[in-house]
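Dear colleague,

I am passing on the structure we discussed. Please look through it alongside the notes that follow.

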Amino acid sequence: MTAIARHSAALAHRSLIKTIRTPEALIDVTIQPVIFLLLFTYLFGGAIGDGDRHAYLQFLLPGMLAQSLAMGGVALGQNLNADIEKGVFDRFRSLPISRSAPLVGAVLADVVRYLTVCVVMLAFGSVMGFRVETGAVPAVAAVALSIGFGLCFCWISVWVGMLARTSGAVQGIMFLLVLPLTFGSNVFVETDTLPGWLQAFVQVNPMTPLVGTIRGLLVGGPVAEHLIVTLLWMAGLLVVFVPLALRAYARRA
């Protein structure tokens, strides 16, 4: 386990160097979330929030944070797919390292991307008027939970990156998954305002308890029940998609 951790950390460092050299790759976790927050607050906030855009911002930002984390993981699968196509992973297989180290290292490097999302969203949200109403400790807990969920959820992108033939296909498949999960949840509106058939989907959507937990930690509300369900979803994502990703990698690379 020590060797796997060391090898994964070295490959995570490689991924971070790539990110530093191509800062435009961070657009999806810096500029894109800000644009979405501005659009939904000022275009739809007046209608959805009964004219009170500040109240809607308080409701919206925790949900947008979860959505941005889910979308931020799409790039991971694309990058891994591109590395395989370039033959980089063939070189990794020739090294005396764990077969899982390249994937684990890439996932660990994504912590920087998820932390960037959280900082950008909370900082820009505060400029727009968002206020954390629960204190510093719950806010830190919300950020930590968000990053943890992002690290679990991104294994879906890793798996798709191992299966898809091109990086463009990875993006298409992942957005086909992420968009229904984020829009078909309590990110933008309360669940009880939705049609009954859609409420049934929202209730089993993994994004719903995550958004409920983040919202409770940042602006107040019930947390315990949402947190338990979120942790169960995180464990389920790891149990299902980590083995699938490693198996697909062994076949592909």
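**Cysteines**

The cysteine sulfur closest to that of Cys118 belongs to Cys154 and is 14 Å away, too far for a bond. Please keep in mind that this is a predicted model. For Cys154, the closest cysteine sulfur is in Cys152, at 7.9 Å, which is also too far for a bond. A disulfide would need the two sulfur atoms within 2.5 Å, and a search of the whole structure finds zero disulfides. Cys118 counts as buried, at 1% relative accessibility; for Cys154 the value is 1%, and Cys154 counts as buried too.

**Nonpolar core**

The largest nonpolar core has 67 residues, of which Leu80, Leu103, Phe153, Trp155 and Val158 touch the most other members. Helix H7 (residues 136–163) supplies the largest share of this core, 14 residues. Beyond its neighbours within four places in sequence, Leu80 has contacts with Phe89, Leu103, Ala106, Val158 and Met162.

**Helix H2**

Helix H2 spans residues 31–48 and includes Thr41; Leu43 lies in helix H2 as well. Is Thr41 buried or exposed? Thr41 has a relative accessible area of 2%, so it is buried. Leu43, by contrast, counts as exposed because its relative accessibility is 58%, over the 50% cut-off. Leu43 is one of the residues in a nonpolar surface patch of about 620 Å², made together with Ile27, Ile31, Ile35, Leu39, Phe44 and Ile48.

Regards

How values were computed. Residues are numbered from 1 along each chain as its sequence is written. This is a predicted model: local features need pLDDT of at least 70, side-chain atom pairs count only at pLDDT 80 or more; totals for chains, interfaces and linings use all residues. Side-chain values use heavy atoms; hydrogens and water are left out. A nonpolar core is a set of buried Ala, Val, Leu, Ile, Met, Phe, Trp, Tyr and Cys residues joined through side-chain atoms within 4.5 Å. Buried means under 20% relative accessible area, exposed over 50%, partly exposed in between (1.4 Å probe, protein chains only). Helices (H or I, at least four residues) and strands (E, at least two) are DSSP runs, numbered from the N terminus. Contact means heavy atoms within 4.5 Å. Patches are made of residues with over 30% relative accessible area and no salt bridge: like charges are joined within 9 Å, nonpolar side chains (Val, Leu, Ile, Met, Phe, Trp, Tyr) within 5 Å. Accessible areas come from the Shrake-Rupley method with a 1.4 Å probe; for residues, only the protein chains shown count as cover. A salt bridge is a side-chain nitrogen of Lys or Arg within 4 Å of a carboxyl oxygen of Asp or Glu.
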